Amino acid sequence: MNPRICNFYITFQCNDTCEFCQVWQSSGYSSYDLRASEDKQGIGIKLEELKKRGIQILNIDGGEPLLVEHLPRVIEKAKELGIFIRLFTNGIVYPDRAKELRGLSDEICFAMDYPSADAHDRSRGIESFSELISSLKTARELGEKAILFFTMTRDSVLYLPEAVELAEKHGTILQLNPVYDFNGTQGFDKDTVRHIRYFFKRKSVRLDMAVLEFARNRGNSVLLPRCRASQAVLTLLPDLKEVGPCLYNQGGRQGREDICSSCMRWPYIEPSFEMGFDKYRMLHIYSKWYNSKKLTPRPPLLPREGQQRG
Ligand code: SF4
């Protein structure tokens, strides 16, 4: 079975320094050859090939994808091929590039660590909360489908009510995501899990209950791996090389290496729940159905400059 999802790490350059992210901390990422990601024609040909191989969803991530100058051309090409596009960004330069990107992505996910300026900026290592809020406003004005992507740690999960309030104020969906880092989630005790589950019922909140259950059970077991990264996801690096089974375990055995112990790298683990028949698959299907009932429709696009409303 060919994967239908591609995680495209279009660059490993980043303008953020998040405390839980390895990309900016590891020289392995920062020294990566980025020249090929400038190869517009090469990316177009690669996307055509991926489409023929069955890719239906393209997650564009990084690093910070908005640092890639020709990003709009890449998204346009994928859109032309009928691929669903989910763009991940920290929002820092989004207000400056929003018009070029307008109407191209199916979803734009804006990363948030805390729903307040002090804590978010401290976690990110730079002042960026005001840019995040400005991004949400801009995305709304331009009719984009914005998702506020809230990475929950043992600490930030305490601010869930404020995060929901912020998302509702800006008319976006709040996507709840436990942090990948095992050290950040191992403290999710029963009461915290119950607390998070309670918010699943909110109309503005999107959560995969399989993800929460997997985090509660301490992630992937190397003895009996639940990871299906190779079958579920294709990984594309900035130089357009494909690696597997995932970005973090290149060339190793799927779910069985040391790095796989307690793994909760959701860009791979969540799609893994599409495979197999167990409680995670059931919770995943149920969550998709439940979330789809409450997703708000994309707001109408405002006219482009010089264009009149119809
Ligand atoms: S590190 Fe990669 S291969 Fe290992 S369990 Fe996590 S996603 Fe799967």
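Leu-148 stands opposite Leu-174 in β6, within a predicted model in which local features need pLDDT of at least 70, side-chain atom pairs count only at pLDDT 80 or more, and totals for chains, interfaces and linings use all residues. Residues are numbered from 1 along each chain as its sequence is written. The protein chain has 13 helices and nine strands, where helices (H or I, at least four residues) and strands (E, at least two) are DSSP runs numbered from the N terminus. Buried residues make up 44% of the 310 residues in the protein chain, a residue being buried if 20 or more other C-beta atoms, placed from the backbone, lie within 10 Å of its own, exposed if 12 or fewer, and partly exposed in between.

**The sheet**

- The nine strands form an open sheet with mixed pairing, in the order β7-β6-β5-β4-β3-β2-β1-β8-β9, and two strands are taken to pair if DSSP finds at least two bridges between them.
- The edge strands of this sheet are β7 (205-206) and β9 (242-243), each of which pairs on one side only.
- Strands of a sheet pair through backbone hydrogen bonds, in either a parallel or an antiparallel sense.
- Strand β2 (residues 57-61) runs parallel to strand β3 (residues 84-89) and is joined to it by four bridges, with Asn-59 standing opposite Arg-86 in β3.
- The pairing of β3 with β4 is also parallel and extends over four bridges, and here Leu-87 stands opposite Ile-108 in β4.
- β4 and β5 pair in the parallel sense over five bridges, and the bridge partner of Phe-110 in β5 is Leu-148.
- β5 in turn pairs with strand β6 (residues 173-178), in the parallel sense and over six bridges.

**Buried strands and the nonpolar core**

- Strand β5 (residues 146-152) is mostly covered, seven of its seven residues being buried.
- In a regular strand the side chains alternate between the two faces of the sheet.
- Ala-146, Leu-148, Phe-150 and Met-152 point one way from β5, whereas Ile-147, Phe-149 and Thr-151 point the other way, and all are buried.
- Five of the six residues of β4 are buried, so β4 is largely enclosed by the rest of the structure.
- The largest nonpolar core has 73 residues, of which Cys-6, Cys-109, Phe-110, Leu-148, Phe-149, Phe-150 and Leu-174 touch the most other members; such a core is a set of buried Ala, Val, Leu, Ile, Met, Phe, Trp, Tyr and Cys residues joined through C-beta atoms within 7 Å.
- Leaving aside residues up to four places away in sequence, Leu-174 touches Leu-148, Phe-150, Ala-163, Val-164, Ala-167, Ser-204, Val-205 and Arg-206, where two residues are in contact if their C-beta atoms, placed from the backbone, lie within 7 Å.
- Among contacts in the protein chain with a separation of 6 or more, 76% are between residues 24 or more positions apart.

**Helix α5**

- The buried residues of helix α5 (residues 117-124) are His-120, Ser-123 and Arg-124.
- These residues cover an arc of only 95° around the axis, which puts them on the same side of α5; the arc is that of the directions from the helix axis to the C-beta atoms.
- The buried residues of α5 pack against β4 (107-112) and α6 (129-141).
- Gly-125, which follows α5, has a positive phi, near 80°.

**Surroundings of the ligand**

- The ligand is surrounded by 16 residues, and the closest are Cys-227, Cys-246, Cys-260, Cys-263 and Tyr-268; a residue is near a molecule if its C-beta atom, placed from the backbone, lies within 6 Å of it.
- By class, the shell around the ligand has 10 nonpolar, four polar and two charged residues, where Ala, Val, Leu, Ile, Met, Phe, Trp, Tyr, Cys and Pro count as nonpolar, Asp, Glu, Lys and Arg as charged, and the others, Gly among them, as polar.

**Backbone features in loops**

- A cis peptide bond with omega of about 15° joins Gly-62 and Gly-63, and Gly-63 lies in the loop between β2 and α3 (71-80).
- Another cis peptide bond joins Gly-244 and Pro-245, with omega of about -5°, and Pro-245 is found in the loop between β9 and α12 (266-272).
- Ser-262, in the loop between β9 and α12, has a positive phi of about 65° although it is not a glycine, and with 17 C-beta neighbours inside 10 Å it counts as partly exposed.
- Arg-218 is not a glycine, yet has a positive phi of about 70°; this residue is placed in the loop between α10 (209-216) and α11 (229-232).
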